[in-house]
Amino acid sequence: MAGFRSLARQVRDPRSDLALRRYSLRKCLERFAPYGHRATWDHLCARHGIDPEDRAPDPARLLAALEELEEARAIWLAYEAGFAERRRREKHEGLRRPGAFDDWHRRTWGGHGVARCADPEVHPSEPLAEVLRRLIAALGSGPGSACPVCADTGIEWRQERARDQEAWAGPVCTGCGIAVPQPVLTDHALARARLIRHRRLAAAAA
């Protein structure tokens, strides 16, 4: 199975036909897709003027989309390397973090779905690298009450089961659409998100 860098070389290869280069870019998203595969593809198409159904898009646009993806991937992998090293030191020194913090990192290791967007058409509009920088800054600071990406305080608890995917539940920003990592939210913010869901379900059942 080809890795991300091998696929990126195929996207850049001017000797390949455009359909293959487009296909290789989409395959890159199986290795690294911060919003999930479909939402990340929608984001890249929107930012770089690519028709999602065009099988032979402008190669310059494909390269621009790839470069955005590569920049974001480099930022995230550097963060993960630093995180892994810190955790080794902390464990050696007998320091422990909350289980939810480590659990979240295990589930998102490699950056796939690190800012998951359940609705592929609702996601942040900023460059992927900027979104990940904001997320990393939040992971390195104390928990708050707002979305670390867009600063919206409209956070709701949602439970979903997409086709061919595992069931998922957690806080979602109603502003930019990302699944907000629980470690960056205060207990009060999480409780409020669950309460909003409970009230919505109660109103629907009434």
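## Ground rules

Because the model is predicted, local features need pLDDT of at least 70 and side-chain atom pairs count only at pLDDT 80 or more, while totals for chains, interfaces and linings use all residues. Numbering starts from 1 along each chain as its sequence is written, and side-chain values use heavy atoms, with hydrogens and water left out.

## The nonpolar core

Let's start inside. A nonpolar core here is a set of buried Ala, Val, Leu, Ile, Met, Phe, Trp, Tyr and Cys residues joined through side-chain atoms within 4.5 Å. Buried means under 20% relative accessible area, exposed means over 50%, and partly exposed is in between (1.4 Å probe, protein chains only). The largest core has 50 residues, and the ones touching the most other members are Leu 25, Leu 69, Trp 76, Leu 132, Leu 139 and Ile 178. At least two core residues come from each of α1 (4-12), α2 (18-28), α3 (37-48), α4 (59-92), α5, α6 (128-139), β1 (155-160) and α7 (187-205). The top contributor is α4, with nine residues. Those labels are DSSP runs numbered from the N terminus: helices are H or I with at least four residues, strands are E with at least two.

As for α6, its twelve residues reach 16 Å from first C-alpha to last, close to the 16 Å expected at 1.5 Å a residue; the expected span is 1.5 Å times one less than the number of residues. Buried residues in α6 include Leu 128, Val 131, Leu 135 and Ile 136.

## Trp 76 and Thr 108

Contact means heavy atoms within 4.5 Å. Leaving aside neighbours within four places in sequence, Trp 76 is in contact with a list of residues, among them Phe 32, Trp 104, Thr 108, Leu 132, Ile 136 and Leu 139.

Thr 108 is in helix α5 (residues 99-108). With a relative accessibility of 7%, Thr 108 counts as buried. Beyond its neighbours within four places, Thr 108 touches Trp 76, Glu 80, Gly 113 and Val 114. Pro 120 is twelve residues from Thr 108 in sequence, and their C-alpha atoms are 18 Å apart.

## How the helices pack

Axes are lines fitted to C-alpha atoms, for helices over the stretch in contact, and angles run from 0 to 180 degrees between N-to-C directions. For α1 and α2, the angle is about 155 degrees and the axes are 8 Å apart. That makes the pair roughly antiparallel. Residues meeting across this pair include Leu 7 and Val 11 in α1, and Ser 24 and Leu 25 in α2.

The axes of α3 and α4 come within 9 Å and cross at roughly 125 degrees, so α3 and α4 are oblique to each other. Angles under 35 degrees count as roughly parallel, over 145 as roughly antiparallel, 65 to 115 as roughly perpendicular, and the rest as oblique.
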